[in-house]
Amino acid sequence: MEWDQFSVLVVDDEEALAEICGEVFEMEGFNTKVVNGGPDALKIINETKIDVIISDAFMPDMTGIELLEKLTTSEAGVPLFYLATGDIDISEDALIAKGAKGLIEKPYSLDDLVERVKKDLQA
């Protein structure tokens, strides 16, 4: 599959982690954008077609769940959405019921994350 036909948006207030995650997806051929918060993510989503979002759960301006909820009511809809966290009070099943593809537990393996995204895009 040609991965350059897919765009990935990484949303995380930890700039170094966001950049590294974005670089790994770029090395795999994906079109990648990195932002450091939910409001910036919404701007990108409104301007560009995004196929995959990997969002941190806890960010100062907007949580990952709040971002997901805004997407469910937007014209753009919800792309494959993964919520990354080390501690959250929501189960993966509840998150999926809200429209997400899944939960990613921090710390995560970037290789495993890329493989999961590829698998889900092929499904």
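Reader: What makes R116 and E92 a salt bridge?

Author: This is a predicted model. In it, the side chains of R116 and E92 meet at 3.1 Å, N to O. A salt bridge needs a side-chain nitrogen of Lys or Arg within 4 Å of a carboxyl oxygen of Asp or Glu. The pair R116 and E92 therefore counts as a salt bridge.

Reader: What does the pair of R116 and E92 tie together?

Author: R116 lies in helix α5 and E92 in helix α4, so the pair joins parts that are 24 residues apart in sequence.

Reader: Why is R116 called partly exposed?

Author: R116 has a relative accessible area of 29%. Partly exposed lies between the buried limit, under 20%, and the exposed limit, over 50%. So R116 is partly exposed. E92 stands at 31% and is also partly exposed.

Reader: How do you know that E28 and K118 form a salt bridge?

Author: Their side chains come to 2.5 Å, N to O. The cut-off is 4 Å, so the pair qualifies. E28 sits in the loop between α1 and β2 and K118 in helix α5, so this bridge ties together parts 90 residues apart in sequence.

Reader: What else does E28 touch?

Author: Leaving out residues up to four places away in sequence, E28 touches W3, V114 and K118.

Reader: What makes D12 and K106 a salt bridge?

Author: Their closest N and O atoms are 3.2 Å apart. The limit is 4 Å, so D12 and K106 count as a salt bridge. D12 is in the loop between β1 and α1, and K106 in the loop between β5 and α5, 94 residues apart.

Reader: Why is D12 called buried?

Author: D12 has 3% relative accessibility. Buried means under 20%, so D12 is buried.

Reader: Why is E15 called exposed?

Author: E15 has a relative accessible area of 53%. Exposed means over 50%, so E15 is exposed. E15 is found in helix α1, and is one of the residues of a negative surface patch. Helix α1 gives the most to that patch, with 4 residues.

Technical notes
Residues numbered from 1 in each chain as written. Predicted model: local features only at pLDDT ≥ 70, side-chain atom pairs only at ≥ 80, totals over all residues. Heavy atoms only, no water. Patch = residues over 30% accessible without salt bridge, like charges linked within 9 Å, V, L, I, M, F, W, Y side chains within 5 Å. Areas by Shrake-Rupley, 256 points an atom, 1.4 Å probe, with all protein chains shown as cover. Lys, Arg positive; Asp, Glu negative; His and termini not counted. Charge placed at Lys NZ, Arg CZ, Asp CG, Glu CD. Helix = DSSP H or I, 4+ residues; strand = E, 2+ residues; numbered from the N terminus. Buried < 20%, exposed > 50% of the residue type's maximum accessible area, 1.4 Å probe, protein only. Contact = heavy atoms within 4.5 Å.
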